[in-house]
There are 2 protein chains.
Amino acid sequence: MITDQYSARAKKVQRSELAALFKLTENPELISFSGGFPDPDWYLDEVKAVTEKIINERKGIALSYGPTPGVTDLREYLAERLGRQGIKTRGADILITSGSLQGLDIVCRMFLDPGDRVIVEAPTYLGAISTLENFEAELVQVPIDDQGMRTELLAETLESMKKEGRMPKLIYTIPNFQNPSGCTMSLARRHYLIKIAAQYGVLVVEDNAYGELRFTGEQLPLLKALDEDGMVIHLGTFSKVFSPGLRLGWFAASSVLVEKAILFKQGCDQCSNTLGQLIALEYGRQGLIDKQIEVSTKALIVKKEATLAALEKYFPAGSTWTLPEGGFYTWATVAGHTDTVKALNIAVEKYKVAYVAGPSFYTDHVSGANKLRLCFSQPKVDQIAVGIKRLAQVLQE
Amino acid sequence: MITDQYSARAKKVQRSELAALFKLTENPELISFSGGFPDPDWYLDEVKAVTEKIINERKGIALSYGPTPGVTDLREYLAERLGRQGIKTRGADILITSGSLQGLDIVCRMFLDPGDRVIVEAPTYLGAISTLENFEAELVQVPIDDQGMRTELLAETLESMKKEGRMPKLIYTIPNFQNPSGCTMSLARRHYLIKIAAQYGVLVVEDNAYGELRFTGEQLPLLKALDEDGMVIHLGTFSKVFSPGLRLGWFAASSVLVEKAILFKQGCDQCSNTLGQLIALEYGRQGLIDKQIEVSTKALIVKKEATLAALEKYFPAGSTWTLPEGGFYTWATVAGHTDTVKALNIAVEKYKVAYVAGPSFYTDHVSGANKLRLCFSQPKVDQIAVGIKRLAQVLQE
């Protein structure tokens, strides 16, 4: 059998939580709180004119290969955009990636040998878990609470790893409106994280997919904005603030790291799609990304409120959930003995409602059986209460 | 230094031939025979209407995530298209990739552990060399001649590897209008390759980027069309027959391999860009890919003739070059003691003409110093003689 010849990593990789999720979304009857997808209603109508402009005026460029690091003007635009968020960078220090997950994939290529340790949050983004697992990393989870990663536990972990003589290569964190918890890292913890990362010499990978979608409270500084020692790689994406279908993100770091990243980008896919890059650039320059962020944030606030109200009304007494200040997610802990993995099949098949079960966000794929992630971005507002009610019925069953 | 923490692969990866090439193309004065880029003149004007149709009628889908394996209708379309080329397959056995190089990257993820052997042609596609090197493969080159890979030498190599007890995991080949040689594998060798691959149990990766761009002679069966034992992974791309800027290719293989490939695709970039997939599907369905192939092939024949005539006229006596039956390339061997690597700098800086030096296509990065690849797809017809004349001057210098 040819499959006997699989690599060690291929023998280990057995499932794709995300691919399964993506498949679920094909049933139109389903009320889905599963995938972290923007509501297509948020794409502004102006995108039509932008696309037509690009294809009519720049067809030759849009359909041809672009430079491996990305379209130069888009990199400059992002440098300016990140500058407004407090990150001092230059276009030359930004690599355009095919979504932020490719950014993480490139980080893995750069730093991970099999068995290398990586610290991630507990719970954390399931796509990141699967990408890191593909590189045969040993994942160590540090718990979060409503102030984000518990950095005092991180410090203890680093200290004990140091004593053991096996330091981690990376600390992967989603400081803003974390996936799946919805929690945001406090300012004090941000400073402390940056301090101990520099102290122990461990690189921080900041995934900021949701940071610009804040409902309430003050914007906190990005980790990369606090980074004076080049210890942070900042990953971003157009997927939540504009369009996931264009598959565009970015990797911003110190020059030496970006240069190496470009070498690996070439081997991944040569360059990201040029048409999409030109559309994103034009959409951004016309102020439409900012406008879409406004539209999305308003809509997300309404959906979040509807979700929290329905949870209050229908969920089993004693259940708890997080109160996100932005982003797409709330993270619920169900009272009683619940197995959210088993319940998911019943939910989807019988009740036509979907979510993501807690264990998907833990590296042991077992913890968090009484937890679940609810993504409120995708369902229509008037479906939310119906969906949560159905879900409560599943949990009672 | 954080760079001390690089992975073993990152410490080895020092350059990107392709990225350097892509950069060269930015000087408009340059006559470039370097990158294997389609001429933007070939993109049919109809692409504007196609793009407008997609963004106007299907904005919500085009800008959203698609299924990880690719847009279902596009996979079906490709199954039908490959069927016309003699490959019996189904949409379900095709994975859409972000260019064919990502297809190879996924093959590597599936099969390669560090130190695993891979057989490639000598010379072979430099992008494939760099992707394979990223996986720390041990590359073994088997020479080609004007009938393609010398399969009798392949058989010897396999036999001696078998005796050694270290079989290769993959045989990577470009049977049609090979990159960089322009040569095409004969029918007899195709049959023999498939036979010995099955006999020794080694997977064949067929890269067919150029196969539909035939100038003369009969279409030969694809390796995948001859494959009865599921020993061939067929990689294709829209980059040479439609648009490289959309970054779309495909991976067609037996179901079990495609299922595993989808798991890795998810970790690469979740899915390929949806807007591009819908444009390619519509462009294909309207018969425009076939029309563009006709346009490109006609143009390529004229450019090829101009290139060969100019080589005859200007190149040093005793030099030789291949006579491609299709595709983008001819491969020249320069008479006398020439170092095409050293000459390249002079060519680009002083004479404003570019090519790719022979050693880029050898895994030792040293062989082939008297050889060079000329890609005739990109320069305008009236620039070809000028460019080759300049190049001949460089070689005399």
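Is D41(B) buried or exposed? D41(B) is exposed, at a relative accessible area of 55%; the classes are buried under 20%, exposed over 50% and partly exposed in between, with a 1.4 Å probe and protein chains only.

A word on conventions. This is a predicted model, in which local features need pLDDT of at least 70, side-chain atom pairs count only at pLDDT 80 or more, and totals for chains, interfaces and linings use all residues. Residues are numbered from 1 along each chain as its sequence is written, chains are lettered from A and ligands numbered from 1 in the order in which they are written, and side-chain values use heavy atoms, with hydrogens and water left out.

Now the salt bridges. The term means a side-chain nitrogen of Lys or Arg within 4 Å of a carboxyl oxygen of Asp or Glu. Over all chains there are 54 of them. One of these joins D41(B) to K380(B), with 3.1 Å from N to O. The two residues are 339 apart in the chain: D41(B) is in the loop between strand 1 (31–32) and helix 3 (46–62), and K380(B) is in the loop between strand 14 (371–375) and helix 14 (381–396), all in chain B. Helices (H or I, at least four residues) and strands (E, at least two) are DSSP runs, numbered from the N terminus. K380(B) is partly exposed, at 33% relative accessibility.

Next pair: R81(B) and D290(B), with the closest N and O atoms 3.0 Å apart. R81(B) belongs to helix 4 (residues 72–84) of chain B and D290(B) to helix 12 (residues 288–314) of chain B, 209 residues apart. R81(B) is buried at 3%, whereas D290(B) is partly exposed at 32%.

E138(B) lies in strand 4 (residues 138–145) of chain B and R166(B) in the loop between helix 7 (151–164) and strand 6 (170–173) of chain B, so the bridge ties together parts 28 residues apart in sequence. Both are partly exposed: E138(B) at 31%, R166(B) at 34%.

In chain A, a salt-bridge network links E80(A), R81(A), R84(A), E212(A) and D290(A).

Last item: helix 10 (residues 255–269) of chain A. Its 15 residues reach 21 Å from first C-alpha to last, close to the 21 Å expected, where the expected span is 1.5 Å times one less than the number of residues. How many of its residues are buried? The count is 12 of 15, among them K260(A), K265(A) and D269(A). Q270(A) follows the helix, with a positive phi near 70°.
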